[in-house]
Amino acid sequence: MRRVVRQSKFRHVFGQAVKNDQCYDDIRVSRVTWDSSFCAVNPRFVAIIIEASGGGAFLVLPLHKTGRIDKSYPTVCGHTGPVLDIDWCPHNDQVIASGSEDCTVMVWQIPENGLTLSLTEPVVILEGHSKRVGIVAWHPTARNVLLSAGCDNAVIIWNVGTGEALVNLDDMHSDMIYNVSWNRNGSLICTASKDKKVRVIDPRKQEIVAEKEKAHEGARPMRAIFLADGNVFTTGFSRMSERQLALWNPKNMQEPIALHEMDTSNGVLLPFYDPDTSIIYLCGKGDSSIRYFEITDESPYVHYLNTFSSKEPQRGMGYMPKRGLDVNKCEIARFFKLHERKCEPIIMTVPRKSDLFQDDLYPDTAGPEAALEAEEWFEGKNADPILISLKHGYIPGKNRDLKVVRKNILDSKPTANKKCDLINVPKKTADTASVQNEAKLDEILKEIKSIKDTICNQDERISKLEQQMAKIAA
């Protein structure tokens, strides 16, 4: 007897929007015509690109700061043009990168408890693109390695710790790059481009490992992401403007492993992938639904699970890393859906009767510790993510501050086509001015540390006094 219904523990996953008082209200979400998600989330903060006069800005809100957000709430506003993409560092929950129309990438350090004043000074400015920067993506396992891609059709990989561009792929794409995705250990990237090609690239060898022309026939934007097993998942459009999704094996990209047509709509499908459960969530820009699929080894390989629908269309979407979820409620994904004026969390849950930890839903997941240093990765080493158990929930550790070794970053700004120069950037001998700067920087850092220590001591003293007061009052 053949089973009619495929067995899967994720068959009954359902989505639920939170109550109104748990949303973030009165936010002027950016109106820029760019197909990024406009939102980035981690276990501490939600960051949202907003409308800003005279430059680009984004909001960074502590997760608990729900309700109406005051118009005067501080923003991160150092760019001179609209911000197009933001991405939280996977190894430090207080560090975020932003790419902008002003052709720069900026890396920011957010204070531990969120912003009290607007932030205008980034930790480092990365200059190397000649046109607007629409994509930023951190390396999944190496510390301080950041990728950026711009409308100059170049992909640059930076060592943020020194502020240097160490890899510049400027002659691989003949047209605009729609998205870039790292594989699980960060040894390869895959890109989807306006020339309808999907490319798998080894960035350190600077060579294309696999390529598929016309992965989707339609002219509208595509997306391509790596799955945990090394396959590539793409979304795009057919010649008749029907939305498609496809699964490819990079070792043989002649034919897709699977190709499904979904519907006719012109919203670009943003894929969000969970490597622990092999579920892909597709959020269409301008849609009011999230569709989700399970990827398996058995035909038809991409299995439709369900659709979460709501009334309002989404302007963008943030996706919470696994360590930010509530394991006690069997929550397997959380999205932050952007409306025109608010951000609404949506929780995906597997219904279970037991209150115990469900270890089949939560295998060990990628933790916040980097497996490699930037220098090791650039030298050719690879490492899988360092996994952590979520059995007792995720307890955030202390993040170390992002320090940039050379304060005078990029003494000579790289031109986008001098590839060999960028790879072998000569280390300039530190002149007296930079030595003085370093000394001054150390002095400031020491002062900050001593002030922080004083604050900690005062906090402890206050809590002791409060306890004594409580005892007296009792």
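Me: Is cysteine 343 buried or exposed?
Reply: Cysteine 343 is buried, at a relative accessible area of 0%; buried means under 20%, exposed over 50% and partly exposed in between, with a 1.4 Å probe and protein chains only. The model is predicted, so local features need pLDDT of at least 70 and side-chain atom pairs pLDDT 80 or more, while totals for chains, interfaces and linings use all residues. Residues are numbered from 1 along each chain as its sequence is written, and side-chain values use heavy atoms, with hydrogens and water left out.

Me: How many disulfides are there?
Reply: The count is zero, a disulfide being a pair of cysteine sulfur atoms within 2.5 Å. For cysteine 23, the nearest cysteine sulfur belongs to cysteine 343, 7.6 Å away. For cysteine 343, the nearest is that of cysteine 39, at 4.9 Å.

Me: Changing topic, which residues have the most contacts inside the largest nonpolar core?
Reply: They are Ile27, Val46, Ile48, Phe58, Val60, Ile110 and Phe336, in a core of 40 residues. Such a core is a set of buried Ala, Val, Leu, Ile, Met, Phe, Trp, Tyr and Cys residues joined through side-chain atoms within 4.5 Å.

Me: Which strand gives the most to this core?
Reply: S4 does, with six residues. Strand S4 spans 45-50; strands are DSSP runs of E, at least two residues, numbered from the N terminus.

Me: What is valine 46 in contact with?
Reply: Leaving aside neighbours within four places in sequence, its contacts (heavy atoms within 4.5 Å) include Tyr24, Cys39, Leu61 and Phe336.

Conventions: Helix = DSSP H or I, 4+ residues; strand = E, 2+ residues; numbered from the N terminus.
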